[in-house]
Amino acid sequence: MRLSTKGRFAVTAMVDIAIYGADKPVTLSDISERQKISLSYLEQLFGKLRRSLLVASVRGPGGGYKMAKPLASLTVGEIIRAVDEPIDATQCRGMKNCKGDEECVTHDLWTNLNEHIFDYMDSVTLSDLVGARERKTSGSSVVRLSKYKKKISGNPGGMNA
């Protein structure tokens, strides 16, 4: 399971707008140049982001894109879903037909992993990413993105601590 280029580029472009678009709209050509993402690919992504009401377009001279929501309320999970990014650890895409007409013996494991991935992505906001970038550029070596806590009970897998 991998996050595709579509999801990565959408999040990267949104962080770019969060950083550079506080005062004015950001053009896709500026994002393309700074982030090394194809302009035509950005146009496709921003059509989806706009239809999902995550960004607003500003027409005319000085136009471009700006955030449609506050950074603290816009999550990585929303961005990923807006560009139709399929993140699915199951082999059957959740249809429970991994082995013909039956679900495989590990179906619930992969389904739960999907839930944890999206719980984490929904816990990280653009505000978190911008703050982490600022802390990192100011010399902080450890940057924590969210308050998402991993729950571990016992000693999974018999690993030594």
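This is a predicted model: local features need pLDDT of at least 70, side-chain atom pairs count only at pLDDT 80 or more; totals for chains, interfaces and linings use all residues.
Reader: Which residues of helix 5 are buried, and why are they said to line one face?
Author: Buried means under 20% relative accessible area, exposed means over 50%, and partly exposed lies in between, with a 1.4 Å probe and protein chains only. In helix 5, H107, N114, I117, F118 and M121 are buried. Seen down the axis of helix 5, these buried residues fall within an arc of 90 degrees, so they line one face of the helix; the arc is that of the directions from the helix axis to the C-beta atoms. What covers them includes helix 4 (76–82), contact being heavy atoms within 4.5 Å.

Reader: What makes S32 buried, and which residues of helix 2 are buried?
Author: S32 is placed in helix 2 (residues 28–35), and its relative accessibility of 17% makes it count as buried. In helix 2, L28, I31 and S32 are buried. Viewed down the axis of helix 2, the buried residues fall within an arc of 100 degrees, so they line one face of that helix. They pack against helix 1, helix 3 and strand 2. Leaving aside residues up to four places away in sequence, S32 touches I37, S38, L39 and L42.

Reader: Why is K36 called exposed, and what is noted about its phi?
Author: The relative accessibility of K36 is 68%, and K36 therefore counts as exposed. K36 lies in the loop between helix 2 and helix 3, and has a positive phi of about 60 degrees although it is not a glycine. L53, in the loop between helix 3 and strand 1 (55–58), likewise is not a glycine and has a positive phi, of about 65 degrees; at 61% relative accessibility, L53 counts as exposed.

Reader: How many aromatic pairs are found, and why is the pair of F9 and Y41 called edge-to-face?
Author: A search of the whole structure finds two aromatic pairs. Rings of Phe, Tyr and Trp (its six-membered ring) pair if their centres lie within 6.5 Å, and planes under 30 degrees apart count as stacked, over 60 as edge-to-face and the rest as tilted. The ring centres of F9 and Y41 are 5.8 Å apart and their planes stand at 85 degrees, so the pair is edge-to-face. F9 lies in helix 1 (residues 5–20) and Y41 in helix 3 (residues 39–51), so the pair ties together parts that are 32 residues apart in sequence. F9, at 26% relative accessibility, counts as partly exposed, and Y41 is partly exposed with a relative accessible area of 25%.

Reader: What makes the pair of F46 and Y65 tilted?
Author: The rings of F46 and Y65 have their centres 4.9 Å apart and their planes at 50 degrees, so the pair is tilted. F46 lies in helix 3 and Y65 in strand 2 (residues 64–67), so the pair ties together parts that are 19 residues apart in sequence. Both F46 and Y65 are buried, and for Y65 the relative accessibility is 13%. The C-alpha atoms of Y65 and I17, 48 residues apart along the chain, are separated by 7.6 Å.

Reader: How do you know that the charged end of R34 sits over the ring of Y20?
Author: A charge sits over a ring if NZ of Lys or CZ of Arg is within 6 Å of the ring centre and within 35 degrees of the ring normal. The charged end of R34 sits over the ring of Y20, 3.9 Å from its centre.

Technical notes. Residues are numbered from 1 along each chain as its sequence is written. Side-chain values use heavy atoms; hydrogens and water are left out. Helices (H or I, at least four residues) and strands (E, at least two) are DSSP runs, numbered from the N terminus.
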